[in-house]
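Work through the exercises below with the sequence and the structure at hand. Each task is followed by a solution in steps.

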Amino acid sequence: MEKIIITGGNKLRGEVNISAAKNSVLPIIVASILCPEKIIIENAPMLEDVVVICDLLRELNCDVDLSNHNGNLNINTENLRPIDTNCELIRKIRASFLLMGPMLARFKYCKLSLPGGCNIGSRPIDLHLKGLKALGADISSGHGIIEARAEKLYGNRIYLDFPSVGATENIMMAAVLAKGTTIIENAAEEPEIWDLANFLNLMGAKIEGAGTGKIIIDGVISLKGISYKPIYDRIEAGTFMIAAAMTNSIIKVNGINKDHIRPLMEKLKECGIIFIEENYSVIVDGRGIKKPVDIKTMPYPGFPTDMQPQMMSFLSMVEGSSMITETVFENRFMHVAELARMGAKIKIDGRTAYVEGVKCITGCEVKATDLRAGAAMILAGLVAEGITEVKDIYHIDRGYVDIEEKIRKLGANIIRVQE
Ligand code: UD1
């Protein structure tokens, strides 16, 4: 097991380059099975989740070359075989449930183990299944397995009770090869949905409205192989913005689409952070006096739930009272206990956390309870007095490329060691 050790107190300076978005790349890799031709994903991030999904495709007889030094990921799914539910890798990451839509589109059959719950909530899949049923799939479940089959998939009108990112993606991927038109209403509007649709459209799909609440998909007969560069990771960019804010530093974040990260930038501006915007970069000036703010996580374009733990870490040290309400996941406050060990003053009442900013937090041994919570602990370690040891960092490696190297290059005292 590895851990990250940070000696707090250093200022940051310089530039950091943001990697491609984990939440775009995973569905795009999965969507490549819709077409039995060569797909190239440019600038693919070497993340643990990406490695697992690539291993899974390899186990299903696909050619996947991830080791290419130019950062390109080459995928050829010509010899893809249907999934075998004994496959351990399926249970390793939740995103593997995204295989259901494209597998159904390609083989008219898919059998998958139910994804487990995770630290941040129960994470049901009812909306995925509702959508696939509406497209004509017969779905049965038992013994932890979901089995879906269809003679043919037909377009339909689907209303999502909640704008779920995963359900929107799964349905969209199944619908591109269905007969007729599918309309997804109350669809998720996240930039990663737009990115997946853009990828599919370049392959020959006919999708309109992705990135809005109403997506219209006209089914096509087949798709063709392409080369594609996914969008940058807005959550990684946001994490570095908060690093600058917490350490009273000025840094440049390269690889940013400001529109994607606007909900966070506007909140940080309210706190007193200054941004100088360039084309695909932002200079973040976190040297000013900080003010507390209230936050409510919401589906995009609301404040992202994936930035909530990092923002809580920041607000823990902003003088005054801040209130953080988590509306997307029912159990996404696991990091509160860890921050409290470092001296943060946070009380939870249901889905709301009340944060009373303290002048100083102190380093100690803490756990990455999930991916973004792990990032929050690293951020806290950057400003804590003394040494912070972050354990269970495999969570962090699922979603951040070389996080300690990128932060160390900015001037922090941070290392990764074997326990
Ligand atoms: C995706 C992101 C994750 C992010 C989340 C919300 C990926 C790989 N992961 O996860 O990083 O935190 O969006 O922005 O892209 N829900 C249901 N029924 C369903 C599906 C979801 O009730 O069938 C609920 C969930 O329990 C949760 C909410 O909808 O409360 C949001 O989940 P969803 O948008 O589906 O998140 P994911 O796609 O799992």
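Two residues are in contact when heavy atoms of theirs lie within 4.5 Å. The model is predicted.

**Exercise 1.** Locate glutamate 338, list its contacts beyond four places in sequence, and find the nearest side chain of opposite charge.

Step 1. Glutamate 338 belongs to helix 11, which spans residues 335-341.

Step 2. With neighbours within four places in sequence set aside, glutamate 338 contacts Val366, Lys367, Thr369 and Met377.

Step 3. The nearest side chain of opposite charge is that of arginine 341, 4.1 Å away. A salt bridge requires a side-chain nitrogen of Lys or Arg within 4 Å of a carboxyl oxygen of Asp or Glu. Glutamate 338 is therefore without a salt bridge, although it is buried.

**Exercise 2.** Decide whether proline 263 is buried or exposed, and list its contacts beyond four places in sequence.

Step 1. Proline 263 sits in helix 9, residues 258-271.

Step 2. Buried means under 20% relative accessible area. Proline 263 has 17% relative accessibility, so it counts as buried.

Step 3. Leaving out neighbours within four places in sequence, the contacts of proline 263 are Tyr300, Pro301, Gly302, Phe303 and Pro304.

Step 4. For asparagine 10, 253 residues apart from proline 263 along the chain, the C-alpha separation is 28 Å.

**Exercise 3.** Count the disulfides and examine cysteine 271.

Step 1. A disulfide needs two cysteine sulfur atoms within 2.5 Å. By this rule there are zero disulfides.

Step 2. Cysteine 271 is in no disulfide, and the nearest cysteine sulfur, that of cysteine 360, is 20 Å away.

Step 3. Cysteine 271 is buried, at a relative accessible area of 0%. Cysteine 110 is buried too, at 2%.

**Exercise 4.** Find which residues of helix 5 are buried and what they pack against.

Step 1. Helix 5 covers residues 126-134, and its buried residues include Leu127, His128, Leu129, Gly131 and Leu132.

Step 2. The buried residues of helix 5 pack against helix 4 (100-107), strand 7 (138-142), strand 8 (145-149), strand 9 (157-159) and helix 6 (165-175).

Step 3. After helix 5 comes glycine 136, with a positive phi near 110°.

**Exercise 5.** Describe the surroundings of the ligand and its backbone contacts.

Step 1. The ligand is surrounded by 18 residues, the closest being Asp126, Leu127, Ser164, Asp306 and Val328.

Step 2. A backbone N or O atom of valine 328 is 2.5 Å from a ligand oxygen atom. For glycine 166 the corresponding distance is 2.8 Å.

Step 3. A polar backbone atom of proline 124 lies 3.3 Å from an oxygen atom of the ligand.

Terms used: Residues numbered from 1 in each chain as written. Predicted model: local features only at pLDDT ≥ 70, side-chain atom pairs only at ≥ 80, totals over all residues. Heavy atoms only, no water. Buried < 20%, exposed > 50% of the residue type's maximum accessible area, 1.4 Å probe, protein only. Helix = DSSP H or I, 4+ residues; strand = E, 2+ residues; numbered from the N terminus. Lys, Arg positive; Asp, Glu negative; His and termini not counted. Near = heavy atom within 4 Å. Polar contact = N/O pair within 3.5 Å; in protein donor to acceptor, adjacent residues only side chain to side chain.
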